[in-house]
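Please read these points with the sequence and the model open beside you. They take the two chains in turn and then some local details.

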Amino acid sequence: MASVDVSELKKNTKIEIDGHPYTVVEFQFVKPGKGQGLYKCRIKNMITGAVIDRTWRSGEKFDAANVESKQMQYLFASADGFTFMDNESYEQVELSSSVVGDDKWFLLDNLAVDVLFYNDRPVGISLPSHVIMEITDSEPGVKGDTATNVTKQATVSTGYQVQVPIFIKVGERVKIDTRSGAYIERVNG
Amino acid sequence: MSPPPSVAARVATWDAALAAVRAYFRGEGLREVMTPPRVPAVAIEPWIEPVPATPGWLHTSPELAMKSLLAHGSGPIFQITHVARASERGAWHREQFVLLEWYRLDGDPADDVAALVARVLEALAPWGRPSTPPPDRWSRVAFLDAVRETTGGLALRGDEDGEALTRALAGAAWSLPPLRTTDAAARRLEAWTAFFTAWSDTALDPWLAARAGAGEGIHLIAFPEPLAALAERSLDAAGRSTSGRFESHAFGRELANGYRELRDPIEQRARFAAVAALRGAYGAPPLPMPEAFLADLTSPGLPVCSGAALGLERLVALATGDVALVP
């Protein structure tokens with residue numbers, strides 16, 4: 001496996017630590033006079049998303065993380081997990097429910113996502129920043145209540161429940177932020 | 001935030017800074033010299049990597065060439081030159097930077113640092129203002145006293161070997177990783193360098209920043225003997241094992257490093273050898289012993305002298321508040 005010297009680290013370098021792939025988010029070099037250089041890094045676990053701070057001394061080496069991202073299409077859910085397909089090779093991979101986690105609420109049929117492979121094993125997905133979904137269930141708004149900051153609960157086609165403005169009706173489509181899970185806007189047409 | 005200065009403003013800034021430095025040193029009786037940037041051997045340092053320039057390297061500082069001039073009777077001299085240090089890239093580090101280096105036969109180079117900061121600030125006033133307070137006074141603090149003050153009372157003698165220092169620091173925030181070298185001199189150097197690195201980062205720098213914030217410049221003097229680098233060793237009044245090495249800090253940044261120079265060629269060779277052993281244990285590429293310099297230390301021999309080196313970009317950046325001054 002390719003080795004990375006700490007002096008070669010920069011933003012977005014992917015390294016392996018204790019068997020986990022990390023990406024460098026922030027990077028700072030400090031060096032006391034005639035002392036050892038210190039590399040102060042903020043790194044993100046590419047599987048769990050956990051962000052940690054680590055300081056390394058010059059001379060330390062890492063293994064490069066064998067990480068690859070492939071655009072794939074979401075096909076279907078089963079009892080064991082979620083199946084995606086590579087549109088070029090038609091190869092299918094299944095990711096377990098625990099790996100997909102809460103991202104499952106935004107998996108619309110045929111949605112294009114980036115599937116992350118670590119040592120050729122699928123370990124996570126990266127959703128588009130927002131998705132457009134149809135409202136399948138919601139109580140009707142109370143007539144005359146038009147204040148914009150009043151919300152109600154609604155359910156979308158995947159079963160996800162989201163707070164939407166009171167004027168949104170069943171059958172309408174809304175844009176949802178996949179990171180916060182929040183309603184963004186109504187989509188017309 | 002103000003827009004970055006134009007190229008013309010930066011040229012004018014640097015012209016004023018260089019003129020101020022030259023006027024100061026000529027007023028002090030030093031002569032300006034130039035030594036070639038490609039050298040057959042550099043001073044062997046633990047964590048300073050020279051950039052290869054086959055056959056030889058780019059100098060990491062003009063120290064050895066300038067000391068050879070001194071040995072051959074140059075008298076007091078200064079030089080402004082680009083130097084190169086591989087893989088030093090950061091907010092306050094560049095792989096190539098301008099070093100101002102000088103040597104005098106009498107007088108104290110720490111006083112020169114204080115005077116240079118004042119002169120450069122004055123010369124650059126039309127071109128920018130410091131974003132952190134400039135020093136309006138300077139203090140001298142002995143290294144081992146600063147250790148005691150910033151660690152809640154850690155009392156070191158300065159002559160601890162690798163094992164003794166490891167024991168003294170066990171359980172502290174500055175506890176040492178296992179030493180890799182085998183030779184006693186290298187182990188001592190390795191332990192003290194590791195301590196200095198960790199202590200600088202976690203305790204000394206915040207302490208210096210607080211003092212700098214109150215407008216104080218600090219000369220950290222009397223480095224312990226294992227960290228003497230190329231300075232003469234000495235015992236301080238309390239009988240601690242120290243050296244003639246100092247570092248000057250202003251604006252909360254390290255600006256300069258200086259020595260009362262080591263003149264003994266045998267001890268100098270032994271120190272280079274210890275550094276080489278340390279480098280080897282960490283996989284740094286081997287460097288040749290600077291034989292021509294060591295020969296000059298033997299004969300004609302270095303006169304009694306002191307010297308220092310100051311990072312000129314840092315000073316200009318701090319004096320003008322333009323940290324991107326050097327693109």
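**Notes on the two chains**

1. In chain B, 71% of the contacts between residues at least 6 apart in sequence join residues at least 24 apart. Contact here means heavy atoms within 4.5 Å. For chain A, the share of such contacts that join residues at least 24 apart is 42%.

2. The model is a predicted one: local features need pLDDT of at least 70, side-chain atom pairs count only at pLDDT 80 or more, and totals for chains, interfaces and linings use all residues. Residues are numbered from 1 along each chain as its sequence is written, chains are lettered from A and ligands numbered from 1 in the order in which they are written, and side-chain values use heavy atoms, with hydrogens and water left out.

3. Chain B contains nine helices and 12 strands. Helices (H or I, at least four residues) and strands (E, at least two) are DSSP runs, numbered from the N terminus. The radius of gyration of chain B is 20 Å, which agrees with the value near 20 Å for a compact globule of 327 residues. That radius is taken over C-alpha atoms, and the globule rule is 2.2 Å times the number of residues to the power 0.38. Along the principal axes, the C-alpha trace of chain B spans about 55 × 45 × 35 Å.

4. Chain A has one helix and 16 strands. Its radius of gyration is 22 Å, well over the 16 Å that the globule rule gives for 189 residues, so chain A is more spread out than a compact globule. The C-alpha atoms of chain A fill a box of roughly 75 × 40 × 25 Å along the principal axes.

5. What percentage of the residues in chain B is buried? The figure is 56% of 327 residues, where buried means under 20% relative accessible area, exposed over 50%, and partly exposed in between (1.4 Å probe, protein chains only). In chain A, 43% of the 189 residues are buried.

6. Helix H8 of chain B covers residues 291–298, and its buried residues are B:Phe293, B:Leu294, B:Asp296 and B:Leu297. Seen down the axis of H8(B), the buried residues fall within an arc of 160 degrees, so they line one face of the helix. The arc is that of the directions from the helix axis to the C-beta atoms. On the other side of H8(B), B:Ala292 and B:Thr298 are exposed. The cover over the buried residues of H8(B) includes helix H2 (63–71) and helix H7 (265–281) of chain B.

7. Most residues other than glycine have a negative phi, and most peptide bonds are trans. The bond from B:Thr54 to B:Pro55 is cis, with omega near 0 degrees, and B:Pro55 lies in the loop between strand S2 (38–39) and strand S3 (57–58) of chain B. Another cis peptide bond joins B:Ser299 and B:Pro300, with omega about 10 degrees. B:Pro300 lies in the loop between H8 and strand S12 (306–311) of chain B.

8. Where in chain B is B:Phe251? B:Phe251 sits in the loop between strand S10 (245–250) and strand S11 (253–260). Its phi is near 55 degrees, a positive value in a residue other than glycine. B:Phe251 is buried, with a relative accessible area of 6%. B:Ala229 also has a positive phi, near 55 degrees, and is found in the loop between strand S7 (216–221) and strand S8 (233–235) of chain B.
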